[in-house]
Every structure is written in structure tokens, then in C-alpha cells.
Amino acid sequence: MTSRIGKIGREALFAIVVVISCAIAAPVKAAERLTIRLGPFQQSVEIGDLEKFAETGKLSPALKPYRSLLTPEIQQLLNRRLQIDPSLTEKFVNDLLRSSDGVRVLDQISLALPNSSVEELKAALILAARQANGFSVLSFLRSYPEEDVVVDASAAIAIVVQLNTPYLESIALAPLLEQEMATTDDTPFQSSFDPAVGGKESVYERTVRLRDGERQRTILVDLYWTDRTSGPLIILSHGFASDRKFLTYLARHLASYGFTVASVEHPGSNFSSLSGGSLASNFENILPPSEFIDRPLDVSFVLNELAQMNEGYGSLRDKLNTKQVTVIGHSLGGYTALALAGGKLDLADLREFCKNRSPLRRAPADWFQCAATKLSDDNIQLEDKRVVQAIAFNPVTGRLFGKEGLAQVRVPTLILTGTADTITPSLDHQLRPFAQLGGSKYLIAAIGGTHLSVTDPGNLNDALAQSTLVKELTGKDAEPLRELLRGVSLAFIKQLTPEAKLYEPFLTPAYPESLSTSTLKLRMNTQLPPSIGSWLEVMTMQNRQIALRLPKVNQWLIGGIRLPFSPSTQVVTKAECCTAQLNQIFTDLLNHYNEG
């Protein structure tokens, strides 16, 4: 019996680690054991053994039955600390606990931690919010107010399945993207030149201030140009709480090859527009709904002004090709680029999603997009025909364009996703939208890349970088990605010039793979891997409540737990659920870790 008990928690432990990370507490009394309970069986793990594993990566004899599950990824998760400003987080937690959704959150967590009362969980969350040094799963275990932390494995699995958390998405999708987007050609990538190295042209820079009297907006624009200018005009659009300097390295790089670049600062959603607000507050309140319209209109207005400047007699005469434009945007700027390229907003679909959303799935981008539900015009036209290419880095899309809005984008489009991006998670904000796109397209996947990995290191705001719940991959660790973006962006834009053929090799899967590191695996393709298509189909049910009943104990395989998506499991949804596909996906995920 003991050997069987020792195996029952291998797959369940992953779910338990995720659930525990939702309920981090401040020090009260040190717990000694983590007890995993499944029906009549239970197995205890010494927390000290987990701490040693987190520190050294070595397994004690008691942990060896969990060898297939305790991977380096789980070790990293155990060591990960949430860096949250306590003065901001406490307000967020208090607001959550006062809401009806907050009651549901605590009720679900209490199912997985059956020996904890709702009052204890509330107190734990409040205490956690007052700490300033960051917290981890292990710090929660050590601070639990009982010697034994009891976790109901079946409840933990059920909650994790419904959560669709950024952790689960990253762990599940990263190996799939890494493997299935890899090139099958073992020949090393070779080229006679490096497009990531700066060009030969001397770059001039100038800031202009443009006033849109009709909308009462003053727009600052940084211009970059050379003596010999050709090709399209390039527009840069920054993300929320950023500014026009966010991609300075890329602006200068592209300009050095003879392109004119205009980096636009959006006054309603730049860094200064926060006016002391916090990124941990209600995102629906700090992002004005009008920004979803004003941002694309900012770009169209700037193009109108630059067209007039192009006809003038100054140094910029004939340097501003506003008839042929490539828009490059990051985050909310990625949305801006896609809207200008023809993406059609679907506010009806967005309102339905925001009405039924669960707080357990709320990434910051989900809050951002739901601000748009307050727009009154359901037939908004934002496309600008002058835009002939779009590049979107970690774009905010989600349900903004509904199920078909991005099919209206017919211009060549390039999208970047980072698998460790918890601000705009890959599945909903990049992969699903990429599948919709109607024209020629490229997908870059940065395995391990975070939301701010693309940002110019010299312009990375510390407050913004520390506002996320995971450590941002920036600085030297993210340089291979920035190198790739310099080369790929140049090659992509060069497709509009007579040099298109020369730059085509840099739009093939071999080029990004040649820049990959052990920390950051880089992939590129023109279509989604087939397995990701299955994920997209399955996760369309993410807003439906799922009731799970575990099979009888005698149906479990001796080899360990089966996730509750086997043919003998009853799955009840508000609509018919694709049980077989869920079972296959989670089986593949477990096989990946068992083989590892």
C-alpha cells in the first residue's frame, strides 16, 4: 500500500504547487509537512526536503518517487518570488475580497486546502500584501498556521484545469512550440551578412510636437532619418505606461538602413498619463476606453501631418513616405498596429467575455481589453489604407477583435509571443489571433521570453518591470531576442523593396534558431503547429464551469494518477465538452514530464 501511495501524487503535485501559489501567506507558524490527499489515500512530504530540492536540485530518498515531476521548471517555480509593492497590492486584495468574485476565489481555494477556513485564507492574503520582500510557494508552506498543510489533490487538479493560469499555459505551451516549430534541417544557418548589425547610413534624430485641435491631443514624435532615404515609412507605437523611447534601439537600427522611422507617443496611455496611479489597481479604471480609438487615430493624424511636412522645404522633404507605411507596436501598441492594418473590433463578443470572466483567469491584458466595453459605437472603423505591413510584439488582443475581426487583416503581418508573458498570455493574445489573420503572416515564439523582453534596456522603467508577478527577462539575457528583432524586422520590411530576395533567408525558421540560447529558445514559422490548434479548440470552453468527478479508486493505474479526463470520468459543462481532446492534451503534457 505504501508504494502505491507514494506514486499517487506525481501528477497531482504540479496542480498543488500552482494552487498553493495562489494563497501565499506571511510568517505565523512554521509548517513541517505537505500532505497530499486523494480519496482514502494520502502521502506526506517533508517541507524541508522540498526546500533542499529548490536550493540544490537534489532529491531526498522521500522525494525520489516524484522524480519525473520534480523537473528544473518546478524547481524554478518553487524558488520564484512575487515582487509586489505592498502599498499597492493590499488595496487590490481588499477590493477583491469585497467583491462577489472574491468570495468565489476563496471558496475554490478552500476546496483544495480543506483544513483552512475562509477567514484564515482572507487573513493570509492580507498579511501577504503587507510584505515587501516577495514571497514563494515554500515561504507559504513554512508560514502556514498548522504543522501539516493538507491539500485535496482532486480539488487542486479541478481548479487548475479551470484556472488556465499563465503558469500552466507557459509550462504546457513552451515545449510544444519549442519542438514543433523547430526546423528539421540540421544544416547550420549561414549568411554572407548579418542584418542585426547596424547599417552604413548616418542617422539624424529630431522630436516634433504635433497638436490635434479636434481631439485636444498633443502628440510627441521622435523622427529618425538619413541622407539617402527609401522604402516605406515606419511608425512605432508603444505599450501602456510606456513612451516613444521604448524601441529606440530598433528605430536607430532600421534608420541606419535608409528607412525613416517615426516613434509616436500616445498622450492618453503613456507613462506620464498614470498620474500617480498604480498598475495593481483596477485596470478598467486606469485605461480610458477612448484609448482604443484614439491610439489608431493618433497614428492616422501623425501620417497626415508628416505628409504635409514631406511637401515642405526643410531637411525632411521627400523623406516621409506616408503612402506606404509599416506599423510596429508593442503590447497595446500591438493592438494599435493590428487595428490600423484592418482588424475589426467586436464589442459584442468582448462584452460577453467580460461579463462572464472569472477573476482566477484575469491577466492584466484581460482587464485592459474589458475597458473597451464602455465604448458606445459598435461599428468603429480604424483601418488606415496607407498601412501595408504590421508587426505586433506581445500584442493585447484577447477578445477585442472577436472570432473573425482579424481575418480582415490582409496585409503581411508578423506577431511575436513570449511563453513566459503573464501580462498578455500567449494562447489568447497571440496564438489564437495569429490563427485568425487573413493575409501572409509570420509567428515568432520566444520560449522563455517575457512581456518586457523586447524593450530598450536604456528605457526600461523599474516600476513597470517590477509590477508583474514574474521576473522579467531583460538585459543581457534578452539580447538574443532583441538581436533577432533587429534582423527579422529589417528583413520583413525589406520585402517591400528591390532587395526582398536578398533578405528572405532571415524570414526562415533556421535564422532565429541560430540565435537561440539555453535561456531563450527562438522559433519562427508561417503557421501554428497542429498541436496548438487542438489547444485553441479545447480552450474555447474556458469560460464554462466544469464539474469533475474522479473515477473509483480501483480504476487507477498502479503507475500513478490519471488526470480526470479519462473515458470513465464524468465531465459536465454548459455545452458539450470535447473530452477526448482534453484527455489527449493532458496525457501528452504528462508524458512530456514523465519522459523528462
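This report walks through a disulfide, some aromatic rings and a few helices in a predicted model.

## Ground rules

In this predicted model, local features need pLDDT of at least 70 and side-chain atom pairs count only at pLDDT 80 or more, while totals for chains, interfaces and linings use all residues. Residues are numbered from 1 along each chain as its sequence is written, and side-chain values use heavy atoms, with hydrogens and water left out.

## The disulfide

A disulfide is a covalent bond between the sulfur atoms of two cysteines. Here it is counted when a pair of cysteine sulfur atoms lies within 2.5 Å, and the count comes to one disulfide. The partners are C354 and C370, with their sulfur atoms 2.0 Å apart. C354 lies in helix α15 (residues 347-356) and C370 in helix α16 (residues 364-370), so the pair ties together parts that are 16 residues apart in sequence. Helices (H or I, at least four residues) are DSSP runs, numbered from the N terminus.

The link of C354 and C370 is left-handed, with -95° about the S-S bond. Are these cysteines buried or exposed? Buried means under 20% relative accessible area, exposed over 50%, and partly exposed in between (1.4 Å probe, protein chains only). C354 counts as buried at 12% relative accessibility, and C370 is buried at 0%.

## Aromatic rings

Rings of Phe, Tyr and Trp (its six-membered ring) pair if their centres lie within 6.5 Å; planes under 30 degrees apart count as stacked, over 60 as edge-to-face and the rest as tilted. The model has 11 aromatic pairs by this rule. One of them joins F292 and Y335: the ring centres are 5.4 Å apart and the planes stand at 75°, so the pair is edge-to-face. F292 lies in helix α13 (residues 291-310) and Y335 in helix α14 (residues 332-340), so this pair ties together parts that are 43 residues apart in sequence. Both F292 and Y335 are buried.

Elsewhere, ring pairs link F189, F193, Y503, F506 and Y511 into a cluster.

## How α13 and α14 pack

The helices that hold F292 and Y335 pack at an angle of about 65°, with their axes 9 Å apart. Axes are lines fitted to C-alpha atoms, for helices over the stretch in contact, and angles run from 0 to 180 degrees between N-to-C directions. Angles under 35 degrees count as roughly parallel, over 145 as roughly antiparallel, 65 to 115 as roughly perpendicular and the rest as oblique. α13 and α14 are therefore roughly perpendicular to each other.

## Helix α3

Helix α3 (residues 47-56) has as its buried residues I47, G48, D49, L50, F53 and A54. Just after α3, G57 takes a positive phi of about 80°.

Definitions and conventions. Helices (H or I, at least four residues) and strands (E, at least two) are DSSP runs, numbered from the N terminus.
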